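Please examine the sequence and the three-dimensional structure shown below.

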Amino acid sequence: MDIKGMLVHMHSGLRWVVLLLLIYAIINAARSISSGKYLKKDKMVNLFTMISLHVQLLIGLILYFISPKVTFFEGWMKDSMTRFFAMEHIVLMVIAIAIITIGRSRAEKKLEGTRNKHRAILITYTIGLILILASIPWPFGRWASFGAGLG
Ligand code: HEM
C-alpha cells in the first residue's frame with residue numbers, strides 16, 4: 001500500500017476513536033456537571049478527545065493535497081464528490097474542531113466554577129459531534145457513490 005493509501009486507512013479508522021472519545025467526553029461532562037469537581041480525569045478525557053481531533057485534522061490536511069478526490073477542474077462545485085471532499089468535508093470538520101478547541105480552552109483557562117467548565121464541554125463537544133457525524137462520508141445514503149469504506 002502506498003503512503004496515500006495508508007493515510008486514508010488511518011484517517012478512516014481514526015474516525016471511530018474520535019467518535020468514541022467524543023461520546024465518552026460528552027457523557028462524562030453531563031454526569032459531572034453537578035459534582036462540584038473538575039478532576040484530573042475530566043481534564044484528560046477532554047484533552048485526549050481534542051488531540052485525536054487534531055491528529056485527524058493533520059492527516060486530513062495532508063490528504064487534501066494528495067487525494068484524487070480533491071480537484072478543482074471547471075465545474076468541480078457541480079460534481080457532488082468533488083464538492084463534498086474539496087469543500088463541505090473540510091469546512092464542516094474545521095468548524096467542528098474549532099468549536100471543540102475553543103470550548104475546551106474556555107473550560108480550562110477562562111471559565112470559573114466546575115459547573116460552567118463541564119457545561120462548556122457538554123455544549124461545544126455536542127455541537128462538534130453533530131457536525132462531524134453530518135460530514136463523515138458514510139458508505140450509505142448520499143455518500144454511497146463516493147466509495148468510502150468503513151475501515
Ligand atoms: C473529525 C474529523 C474528520 C473525520 C471524522 C473524517 C473522516 C473521514 C472519513 C471517514 C473519510 C473516508 C475515508 C475512506 O475512504 O474510507 C474521509 C476522507 C477524507 N478526508 Fe476526512 N475526516 C475528518 C476531517 C478532515 C479534515 C479536517 C480534512 C481536510 C483538511 C479531511 C480531508 C479528507 C480527504 C481529502 C478525504 C478523501 C481521502 C481519499 O479518499 O482520497 N478530513 N474523512
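## A lysine in a loop

Leaving aside neighbours within four places in sequence, Lys-37 is in contact (heavy atoms within 4.5 Å) with Ser-32, Asp-42, Thr-114 and His-118. Lys-37 is found in the loop between α1 and α2; helices are DSSP runs of H or I with at least four residues, numbered from the N terminus. With a relative accessible area of 49%, Lys-37 is partly exposed. Here, buried means under 20% relative accessible area, exposed means over 50%, and partly exposed lies in between, for a 1.4 Å probe and protein chains only.

The model is predicted, so local features need pLDDT of at least 70 and side-chain atom pairs count only at pLDDT 80 or more, whereas totals for chains, interfaces and linings use all residues. Residues are numbered from 1 along each chain as its sequence is written, and side-chain values use heavy atoms, with hydrogens and water left out.

## The iron site

Which residues coordinate the iron atom of the ligand? His-11 and His-89 do so, each through NE2, at 2.0 Å. Donors are N, O and S atoms within 2.8 Å of the metal (3.2 Å for Na, K and Ca), and sites may look incomplete because water is not among the atoms. His-11 belongs to helix α1 (residues 3–32) and His-89 to helix α3 (residues 80–110), so this pair links distant parts of the chain, 78 residues apart. Both His-11 and His-89 are buried.

The arrangement is octahedral because the six donor atoms around the iron atom subtend angles of 83 to 179 degrees. Six donors count as octahedral if opposite donors are over 155 degrees apart and all others between 65 and 115.

## Salt bridges

The structure holds four salt bridges, each defined as a side-chain nitrogen of Lys or Arg within 4 Å of a carboxyl oxygen of Asp or Glu. One of them joins the side chains of Lys-43 and Glu-108 at 2.8 Å, N to O. Because Lys-43 lies in helix α2 and Glu-108 in helix α3, this pair ties together parts that are 65 residues apart in sequence.

Lys-41 and Asp-42 also meet in a salt bridge, at 3.8 Å, N to O. Lys-41 is partly exposed at 43% relative accessibility, whereas Asp-42 is buried at 2%.

## A nonpolar patch

Met-44, Phe-48, Ile-51 and Val-55 make a nonpolar surface patch of about 320 Å². Phe-48 lies in helix α2 (residues 40–66) and is partly exposed, at 47% relative accessibility. Patches consist of residues with over 30% relative accessible area and no salt bridge, with like charges joined within 9 Å and nonpolar side chains (Val, Leu, Ile, Met, Phe, Trp, Tyr) within 5 Å.

Conventions:
Areas by Shrake-Rupley, 256 points an atom, 1.4 Å probe, with all protein chains shown as cover. Helix = DSSP H or I, 4+ residues; strand = E, 2+ residues; numbered from the N terminus. Tetrahedral: all angles 85-135°; square planar, octahedral: opposite > 155°, others 65-115°.
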